[in-house]
Amino acid sequence: MQFDRLVNERYSVRKFTEEPVSDEEIQKILDSIYVAPSGQNKQPLRVWTIRSKDRLEGVKRITKYHYNAPLTIAICAVPEEGWVRKSDGSNHSVVDAAAATMQAWLMAEDIGLGAVWVSDFDTNLQDEIFPEMKGTELVAMLQIGHISPESKPLGWHSKKRDRSEMFFEL
Ligand SMILES: Cc1cc2nc3c(=O)[nH]c(=O)nc-3n(C[C@H](O)[C@H](O)[C@H](O)COP(=O)(O)O)c2cc1C
């Protein structure tokens with residue numbers, strides 16, 4: 001899809017079909033994460049593909065916002081590996097994870113899938129449900145799948161702040 005259309009037509013998809021996401025599609029999404037920019041190119045990320053019935057049950061336990069998607073890609077930051085700005089000690093690993101998440105989301109859309117970024121999960125359950133992620137900060141659980149014909153954006157998708165509140169010229 002043309003990039004300006006992709007950016008302007010993207011919305012959070014919260015209704016998926018049961019059709020699985022193919023290996024090729026998953027690979028494309030992972031590749032988009034792999035080439036994402038990061039502070040000082042440190043790439044402080046760990047990424048988990050979750051698609052087995054068993055582990056998707058874990059996703060359902062950790063968040064109610066799973067939308068029965070057939071695929072979750074969990075994007076985690078590794079703070080010890082992140083670039084830290086000297087002047088204020090700000091660790092940028094979560095920023096890097098966010099940039100990678102956005103690349104994955106747009107790639108999913110570009111190949112005809114839908115996705116929603118989910119951060120509202122229970123962090124207290126993370127170590128129990130996903131012990132493999134220990135020591136990382138789970139930033140996003142991208143719920144991905146084929147878009148249901150009934151899918152539509154939520155009302156607030158088009159509710160935008162007035163541009164004058166956001167954009168300034170110095
Ligand atoms: C950091 C972040 C966290 C989000 N967490 C959730 C979530 O936990 N559950 C959910 O349904 N949507 C979540 N969303 C999707 C937002 O609700 C959505 O992007 C926003 O309402 C704008 O709608 P749109 O994506 O359709 O344009 C999240 C989005 C971002 C960027």
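Residues are numbered from 1 along each chain as its sequence is written. Because the model is predicted, local features need pLDDT of at least 70 and side-chain atom pairs count only at pLDDT 80 or more, while totals for chains, interfaces and linings use all residues.

Student: In what order do the 4 strands of the open sheet stand?
Tutor: Strands are DSSP runs (E, at least two residues; helices are H or I, at least four), numbered from the N terminus. Two strands pair if DSSP finds at least two bridges between them. Pairing in this open sheet is antiparallel, and the order is S1-S2-S4-S3.

Student: Which are the edge strands?
Tutor: An edge strand pairs on one side only. The two here are S1 (45-50) and S3 (114-118).

Student: How many bridges join S2 to S4?
Tutor: S2 covers residues 71-77 and S4 covers residues 137-145. Leu71 stands opposite Ile144 in S4. The two strands run antiparallel, and the bridges joining them number 7.

Student: At what angle does H4 run to S4?
Tutor: Angles run from 0 to 180 degrees between N-to-C directions, with axes fitted to C-alpha atoms, for helices over the stretch in contact. H4 lies across S1, S2, S3 and S4. Its angle to S4 is about 5°.

Student: How far apart are the axes of H2 and H4?
Tutor: Two packed helices are described by the angle between their axes and the distance between the axes. H2 (residues 23-34) and H4 (residues 93-110) pack at about 150°. Their axes are 8 Å apart.

Student: Which residues in H4 meet H2?
Tutor: Contact means C-beta atoms, placed from the backbone, within 7 Å. H2 brings Lys28, Ile29, Ser32 and Ile33. On the H4 side are Ala100, Gln103, Ala104, Met107 and Ala108.

Student: Is Leu113 buried or exposed?
Tutor: Leu113 is found in the loop between H4 and S3. The cut-offs are 20 or more other C-beta atoms within 10 Å for buried, 12 or fewer for exposed, and partly exposed in between. Leu113 has 24 within 10 Å, so Leu113 is buried.

Student: How far apart in space are Leu113 and Val13?
Tutor: In sequence they are 100 residues apart. C-alpha to C-alpha, the distance is 9.1 Å.

Conventions. Two residues are in contact if their C-beta atoms, placed from the backbone, lie within 7 Å.
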